[in-house]
Amino acid sequence: MERVPILKIGDILLVSIQLDMSDQTAVQLQEDLAERIVATGCHGVIIDITALDIVDSFVGRMLSTIASISKVLDAETVVVGMRPAVAITLVELGLSLNGIRTALNVERGMELIAAARADELEYQLDDDPDAETATP
Amino acid sequence: MTAGVDLGQPQAQAIRSDEDVVRVRQLVRSVAVAVKLSLVDQTKVVTAASELARNTLVYGGGGSVDVTIVDNGRRKGVQIVFADSGPGIPDLDLALTDGYTTGGGLGLGLSGARRLVDEFQIETSAETGTRITVTKWSR
């Protein structure tokens with residue numbers, strides 16, 4: 001079985017799917033990613049599907065599951081690079097990709113993750129009474 | 001174009017494993033390109049084929065697929081026949097309902113695949129298994 005490589009770039013894990021995945025490969029990717037998120041402490045996952053010429057219900061479900069798993073592990077997932085024909089087909093198929101953030105390309109995906117992270121940190125700071133007194 | 005594929009003849013592919021589902025996608029794509037389907041229509045028919053091939057594997061216990069170029073005099077198209085000798089589909093109307101599943105999936109395979117093609121025929125019985133024929137025409 002082939003495996004999809006996971007690259008670490010700074011605080012982000014980047015997965016660029018370059019092969020026509022079998023269902024088993026897709027399930028393996030889910031597990032590999034969960035382990036890498038915990039091992040690296042990364043707060044963002046970018047899944048680049050530029051090279052995928054179809055996304056069927058199985059891969060669609062895998063993307064949703066990855067997004068949910070990462071959320072539980074304190075990481076944000078963004079799916080980037082969906083082809084127009086794939087988007088049209090997904091909608092007609094009836095797949096809504098619930099809970100998945102998307103961006104047009106990797107660069108925008110990274111911006112999205114950075115912004116989400118900044119929001120979250122600010123929120124935690126507001127919430128913490130000690131933070132107020134700590135700043136002069 | 002896939003090397004060594006004679007597109008004048010129906011192309012057969014067994015569906016026995018995950019990897020075979022990938023092969024079905026690749027075969028359908030090569031035929032869809034040969035009949036000059038638009039990129040969106042190629043994507044739709046390959047996606048439908050992927051759903052139906054997976055159903056053949058998961059619910060039908062494996063089977064086979066035949067991909068043929070068809071011509072109605074005005075347009076060319078891709079016709080794909082999925083056959084298995086599994087238990088059949090007891091309630092077809094229910095199986096064609098969005099969101100209904102017995103296999104733990106999303107329940108979009110059969111209903112979604114039907115929306116993605118131009119023609120969709122299904123014959124199923126407990127004795128003979130399930131045979132699904134789909135056609136996508138060039139525009």
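Five strands of chain B form an open sheet in the order S1-S2-S3-S5-S4, with antiparallel pairing. Two strands pair if DSSP finds at least two bridges between them. Strands (E, at least two residues) and helices (H or I, at least four) are DSSP runs, numbered from the N terminus. The edge strands are S1 (11-15) and S4 (119-125) of chain B, and each pairs on one side only. Neighbouring strands of this sheet are turned by 15° against each other on average, direction ignored.

This is a predicted model, where local features need pLDDT of at least 70, side-chain atom pairs count only at pLDDT 80 or more, and totals for chains, interfaces and linings use all residues. Residues are numbered from 1 along each chain as its sequence is written, while chains are lettered from A and ligands numbered from 1 in the order in which they are written.

Back to the sheet. Seven bridges join S4(B) to strand S5 (residues 129-137) of chain B, and these two run antiparallel. B:Glu123 has B:Arg131 in S5(B) as its bridge partner. Helix H1 (residues 18-34) of chain B packs on the sheet. H1(B) touches S1, strand S2 (63-71) and strand S3 (76-84) of chain B. Two residues are in contact if their C-beta atoms, placed from the backbone, lie within 7 Å. The direction of H1(B) makes about 160° with that of S1(B). Axes are lines fitted to C-alpha atoms, for helices over the stretch in contact, and angles run from 0 to 180 degrees between N-to-C directions.

Now the contact between the chains. Chain A gives 18 residues to it and chain B gives 24 residues. On the side of chain A that touches chain B, H1, helix H2 (57-72) and helix H3 (84-93) of chain A each supply at least two residues. H3(A) gives the most, with six residues.

Next, A:Thr25. This residue lies in helix H1 (residues 23-40) of chain A. A:Thr25 touches A:Met1, A:Glu2, A:Arg3 and A:Val4, not counting residues up to four places away in sequence. A:Thr25 and A:Glu2 are 23 residues apart in sequence, yet 6.3 Å apart in space, C-alpha to C-alpha.

Last, backbone angles. Most residues other than glycine have a negative phi.

| Residue | Phi | Loop |
|---|---|---|
| A:Asp74 | about 65° | between H2 and strand S4 (76-80) of chain A |
| B:Lys36 | about 60° | between H1 and helix H2 (39-58) of chain B |
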